[in-house]
There are 2 protein chains.
Amino acid sequence: MQNLDTYLWPKSVALIGASPEENNAKAGIRGRLTSVLLQHGYDGEIFLISRSNHEISGRKTYRSILEVPSDVDLAIIATPAQYVVDEVRNCATVGVKSILVVSSGFAESKEDGAAERQKAIERICRLNRINLAGPNCQGFVNTLNGLFATFAKPYDKPNYAIVPASGRSGRVAIISQSGGIGNGYFVHTRLKEMAASYILTTGNEAGVNLSELIEYVLDRGETSAILVLMEDIKDPQTFIRAADKALKMGVPIIVSKIGKSEAGQRAAESHTAALAGGYSGTQAVFRKYGIIEADDIGEMADIANGFCHFGNCLPAGNRVAILTGSGGGGGLMADAASGAGLVVPELDVETRRSLDRVIPDYGTSQNPVDATAQGLRLVRYSGLIERVMPSSEIDAVLFVASTRDTLTFELDAERLTEISAELQKPVLVWTYTVPFPHIQEMYGEVGLPLFTDLRNCTRTMREMADYHAFRTSYLSCPVEPSLPGCDKTSAASLLVGMSGALPEFQSRPILASYNICEAADLLVDSPESAAEAQASLDVPIALKVQSPSILHKSDAGALKLNIKGPGAAAKAYSDIVANAKKYDPDAKIAGVLVQPMMPDGVEMILGISRDETFGPMLMVGLGGIFVEILNDVAFAPVPLSRNEARRMLRRLKGFPLLSGARGTTHADLDALVEMMVRLAKLADDFRDHIAEIDLNPVIVHPMGEGVSVADAMLVVDGSFGMSKQDQHRTTHSAA
Amino acid sequence: MQNLDTYLWPKSVALIGASPEENNAKAGIRGRLTSVLLQHGYDGEIFLISRSNHEISGRKTYRSILEVPSDVDLAIIATPAQYVVDEVRNCATVGVKSILVVSSGFAESKEDGAAERQKAIERICRLNRINLAGPNCQGFVNTLNGLFATFAKPYDKPNYAIVPASGRSGRVAIISQSGGIGNGYFVHTRLKEMAASYILTTGNEAGVNLSELIEYVLDRGETSAILVLMEDIKDPQTFIRAADKALKMGVPIIVSKIGKSEAGQRAAESHTAALAGGYSGTQAVFRKYGIIEADDIGEMADIANGFCHFGNCLPAGNRVAILTGSGGGGGLMADAASGAGLVVPELDVETRRSLDRVIPDYGTSQNPVDATAQGLRLVRYSGLIERVMPSSEIDAVLFVASTRDTLTFELDAERLTEISAELQKPVLVWTYTVPFPHIQEMYGEVGLPLFTDLRNCTRTMREMADYHAFRTSYLSCPVEPSLPGCDKTSAASLLVGMSGALPEFQSRPILASYNICEAADLLVDSPESAAEAQASLDVPIALKVQSPSILHKSDAGALKLNIKGPGAAAKAYSDIVANAKKYDPDAKIAGVLVQPMMPDGVEMILGISRDETFGPMLMVGLGGIFVEILNDVAFAPVPLSRNEARRMLRRLKGFPLLSGARGTTHADLDALVEMMVRLAKLADDFRDHIAEIDLNPVIVHPMGEGVSVADAMLVVDGSFGMSKQDQHRTTHSAA
């Protein structure tokens with residue numbers, strides 16, 4: 001594929017299917033597309049292609065792209081679906097670099113031939129190295145070069161500037177599979193006086209996909225925050241590369257992913273031919289890269305607004321001052337801020353003294369700082385902000401305003417504009433009334449983000465603080481490229497010839513080659529050797545039947561725990577082998593594993609499973625009721641940094657059981673983190689081969705005493721050592 | 001106090017402190033109050049009282065209320081605080097029935113004499129049986145008689161009708177301690193085309209309080225939903241009576257209570273002299289009466305809007321059809337609806353067939369029903385609604401609309417108006433763009449509530465379904481006024497002379513008189529009698545030292561469990577008595593309790609504690625990590641119906657451990673519910689005397705095998721049997 005410059009920054013554009021008939025139902029979309037393309041001052045060349053019109057809006061038209069006299073970077077195709085394949089072929093003939101197909105009637109349609117049509121244009125573009133965007137989308141807007149390749153209504157003769165005049169904050173990019181929602185984001189952000197860099201809708205993503213566009217927008221560098229509506233992720237590797245890049249650059253991605261619910265998946269599948277996929281893996285990837293998830297469009301716009309204003313001075317912590325002229329408003333904000341995980345400390349004496357000089361005696365400087373309506377008229381917004389800003393007790397400011405009482409704000413606008421340009425800590429404003437449009441504009445000009453939704457305001461501040469802390473941690477603790485004692489060659493040689501679920505005695509050596517646990521202990525094959533083994537160990541032991549067909553050993557009665565004495569060991573051997581044969585008479589039994597009982601500790605489960613989009617995921621959870629009743633587990637894609645492993649543990653509801661809180665013993669978290677990181681490395685190194693790992697239970701001993709794996713099972717995909725093609729064939733026929 | 005008719009529906013009003021000077025900073029509030037009072041068509045008599053003006057707005061003024069020639073129902077006092085006491089006295093002299101003081105400078109102020117001033121006007125009004133509203137408030141609006149007794153800006157020469165013209169839905173009442181937020185509610189509801197009946201702000205609540213106003217508004221019957229901002233609850237009994245009345249009438253109360261966080265409590269305390277109080281008790285009361293809690297103002301207005309439109313046809317269940325012209329919008333809605341606990345089922349064959357006739361082949365009828373933008377233009381909103389409405393698979397409809405593409409909606413308005421008047425199931429509309437004001441108005445006229453926030457839309461539907469189900473359950477299962485086997489006389493006689501924490505042997509008989517558990521078993525006083533007791537019982541026993549000074553018996557080593565055999569019993573007796581004496585040499589030991597060990601079951605805790613506002617609360621939770629690590633407990637005020645008890649249990653995260661889910665044994669929930677109801681009755685019958693009950697652990701045995709109380713402690717307030725005055729004195733000196 002070509003560089004996307006010829007798509008979003010073309011020197012020349014041809015519109016195939018141009019039309020002047022804006023109000024004709026049939027050509028309505030094409031007419032509006034033509035009009036929108038011409039009205040926003042794009043300064044490259046525009047060629048209009050139309051079979052039925054000699055001129056449109058005073059411009060000469062061409063009957064075909066083949067007749068256009070000069071090179072065309074981008075062709076926009078808006079004809080009915082049945083003509084699109086021919087037009088794409090013509091574009092290839094004349095060397096067009098990028099094609100945007102807005103027409104519907106492709107893979108999303110149940111009509112005969114529609115899916116084949118999409119395959120045909122994909123093939124032509126692939127062979128000719130043409131960027132193919134769409135089909136079935138609403139096109140895009142690049143506000144930076146005035147190229148509006150879209151028929152969406154919000155850009156057709158708007159009675160507002162697409163980019164607000166004030167321009168005091170960073171730009172937001174909007175990238176959406178759904179055209180309607182993408183433009184919904186635009187309307188919401190614009191009404192908040194935000195400036196957009198790009199609004200990109202991708203539809204069926206036959207070629208150009210969301211992930212590439214995110215990366216492109218980041219590489220261009222004009223954007224401070226990215227809003228994404230995602231139905232599926234067609235290109236997970238690019239997505240991950242882009243997500244990592246965004247986090248390193250400090251450009252937050254705020255995403256709504258459709259398909260969290262079964263009904264949402266149904267909707268995505270029928271809409272843009274997307275396969276939404278399981279959600280926990282996607283969510284784990286979002287979390288790994290600090291991607292912010294939200295549902296509501298206004299909420300997402302609000303979060304982006306905070307970052308566009310204060311991306312360069314994010315809060316260093318989560319302590320806020322609340323400033324208000326309304327006691328009730330201050331109380332609501334205090335509860336909402338606390339509920340969002342922000343801290344509202346009482347202010348320091350010096351700051352309070354400075355505030356008390358300007359606040360009436362029926363107000364208060366404690367925090368929330370209630371200047372009262374009367375006091376606010378005298379000290380003004382700017383006066384309060386200036387007085388609390390130097391306090392070492394706070395990292396940010398939440399201002400509660402009434403935007404119906406506009407006079408105070410209008411008198412203060414000039415001073416506010418001055419101070420907002422030099423703020424060292426972010427200030428977000430929430431209004432408990434609803435702003436008149438001119439007041440919303442004034443806030444834009446002043447340079448402060450205005451929120452009408454209390455939840456969004458407090459959540460935005462919390463997200464900004466979290467993002468700052470998370471990014472710092474991410475940059476300071478990368479995944480270690482190599483870990484001492486992880487012997488990939490040895491693991492690979494142990495995997496050769498293995499396939500399917502491996503019993504513990506085969507799984508352990510592989511884990512041991514990454515120092516995850518000890519290799520398998522003794523395998524015995526008679527009651528006598530079981531008795532001998534017990535006698536020589538002289539500690540209580542466990543006996544476990546080893547058979548690839550008996551994976552649930554408890555259910556089969558194929559294991560016994562806490563066996564003391566050789567006689568008991570011999571009897572236990574006979575019992576469990578008999579049980580195993582009763583359970584499955586055809587089971588091939590490789591022997592019985594002898595294991596000393598583990599010392600006590602907190603029971604956990606640790607595992608690897610494969611997400612269909614993002615590959616292997618590490619899962620960790622506390623055992624017993626935590627996993628069974630509360631489903632208290634955390635996921636993360638592999639490999640894993642130590643910080644990530646720690647964060648996963650802290651997310652568990654049962655974390656206090658490990659951390660020594662509330663009278664429990666402090667567990668050996670360092671050893672557990674080490675095991676998680678190694679397990680993740682093993683899963684990453686063999687991501688195409690190891691389908692699943694199940695360490696259950698893992699016993700976390702008290703601090704300094706390590707972690708034991710009490711049972712282990714690997715599942716190997718296909719048969720390791722076969723060629724990739726063979727493997728593919730095997731996997732495929734198995735599925 | 002008088003009936004509030006003379007406050008909110010007076011025949012005549014006097015404004016004391018009337019002023020023409022709207023723009024003079026000092027008299028600004030008074031000037032605007034005068035102007036607002038005169039401009040909204042109130043048809044009672046208005047008398048303006050002013051010392052410095054002979055006439056205002058062409059009206060004669062009076063120098064004092066004493067000079068007014070006829071009876072005054074309501075006097076509004078807006079003078080500076082220092083004149084208010086005299087004016088109140090004058091009002092009393094001429095027989096004014098109700099007084100509203102909007103002035104500040106009373107209990108909320110730290111100024112010398114301010115608190116005394118409030119006490120003075122309270123006293124005068126109480127003695128003269130005058131309704132006193134305020135002080136320190138923004139007054140009120142009654143839209144039904146045009147009485148605007150407020151200086152709030154949204155009512156001063158508005159460029160919109162206060163009550164929208166369409167008037168197709170029920171009215172909302174707004175009741176707020178904070179004036180700013182109360183009027184914020186008004187602005188939000190009005191922009192959603194909602195009609196308000198009353199907007200009442202209460203400030204310091206020296207006399208008239210929130211609870212009375214809620215009850216008054218309910219009794220009047222003009223209101224379909226009530227929005228409340230609450231800082232504290234000064235009159236809990238009235239609040240509970242009003243809450244019960246509202247639920248019976250089907251008028252939902254939607255409340256935001258300040259003081260959920262420590263910072264919020266600080267704000268409330270400094271604002272309107274409110275004491276916010278603990279939150280879990282308040283929340284339990286809200287839950288008992290189906291009161292809906294929300295934080296954001298727009299969110300509350302949205303929820304009220306749903307009820308105002310569909311209070312008479314609430315959804316019978318939680319299954320929704322989603323209708324959309326945007327696939328992306330449908331997907332977002334499907335996820336949000338599922339996330340809000342709604343079910344989005346695939347539609348039935350018949351409904352799908354009817355939809356498929358009008359939906360293009362690149363749309364879908366499955367649910368979400370995606371008609372596509374093109375399809376929607378043909379079938380229109382009304383066509384889709386009519387086709388899904390008869391489906392027996394759904395209880396309600398969520399419609400996803402673009403309000404920028406207005407033509408489709410405008411062409412459909414007439415038909416939509418017809419069908420919306422006859423809907424049997426609610427239809428809520430969410431727009432992913434932002435509506436132009438005239439479109440918002442059109443939705444109001446059509447009779448469908450329009451939401452711009454996705455979360456609010458799905459939450460509103462869920463709240464409507466929950467409210468319907470909850471109310472049905474509440475009406476069908478009242479608290480039983482008497483329970484067989486609850487012997488109040490016997491419990492009272494056991495309580496005589498008791499005070500403080502009662503050891504188990506004294507607590508059990510009291511619980512037994514309400515059939516909560518068996519009375520105390522054997523009390524022994526020597527190793528020999530302990531051995532004899534064990535021998536005669538011939539089961540494993542527990543021995544527990546009984547002393548009012550040793551409440552934490554385990555910590556003191558003062559109990560032993562699972563004792564088998566007379567010798568062990570004798571030894572255990574000696575050990576624990578020795579331990580107890582070591583733990584507290586001065587402890588008075590009443591004996592040692594002998595108890596057979598309880599059979600196995602799920603360990604729970606059950607208790608009574610006292611909320612400072614609402615009195616005794618029953619608490620229930622699972623034992624062990626559930627209470628210790630997860631704080632998994634539920635509260636409810638007493639008494640308790642069986643349905644309420646069941647709902648409390650279902651709210652517990654650990655409920656699956658009781659309900660037989662995921663392989664656990666089905667516990668005897670009926671017996672547990674019976675115990676909860678009886679314990680609640682005991683706490684209610686002795687609400688002034690029993691301060692605390694602690695049953696820990698309670699063992700819930702498998703279905704049919706009952707519940708055992710393994711340990712019990714009552715705490716008696718003061719000394720039961722003393723006169724109320726004595727008790728008060730005792731309690732007071734103890735605190």
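Reader: In which strand of chain A is A:P697 found?
Author: This is a predicted model, in which local features need pLDDT of at least 70, side-chain atom pairs count only at pLDDT 80 or more, and totals for chains, interfaces and linings use all residues. Residues are numbered from 1 along each chain as its sequence is written, chains are lettered from A and ligands numbered from 1 in the order in which they are written, and side-chain values use heavy atoms, leaving out hydrogens and water. Strands are DSSP runs of E with at least two residues, and helices are runs of H or I with at least four, numbered from the N terminus. By that rule, A:P697 belongs to residues 690–700 of chain A, which form strand β28.

Reader: What is the form of the peptide bond from A:N696 to A:P697?
Author: The omega angle of the bond from A:N696 to A:P697 is near 0°.

Reader: How many residues of chain A are in contact with chain B?
Author: Contact here means that heavy atoms lie within 4.5 Å. By this rule, 76 residues of chain B touch chain A, and the number of chain A residues they touch is 76.

Reader: About how much area do chain B and chain A bury between them?
Author: Buried area is the accessible area, found with a 1.4 Å probe, that two parts lose on being put together, summed over both. Of the area buried between chain B and chain A, 60% is on carbon and sulfur atoms, and the total is about 6,000 Å².

Reader: Which residue of chain B forms a salt bridge with A:R455?
Author: A salt bridge is a side-chain nitrogen of Lys or Arg within 4 Å of a carboxyl oxygen of Asp or Glu, and the rule finds 6 of them across the interface of chain B and chain A. In one of these, the closest N and O atoms are 3.9 Å apart, and the partner of A:R455 is B:D296.

Reader: Over which residues of chain A does pLDDT stay under 50?
Author: The predictor's confidence in each residue, pLDDT, runs from 0 to 100, and chain A averages 91, with 95% of the residues scoring at least 70. Where pLDDT is low, the predicted coordinates should not be read in detail. The stretch of chain A with pLDDT under 50, for which the model has 7 contacts beyond four places in sequence, is residues 722–735.
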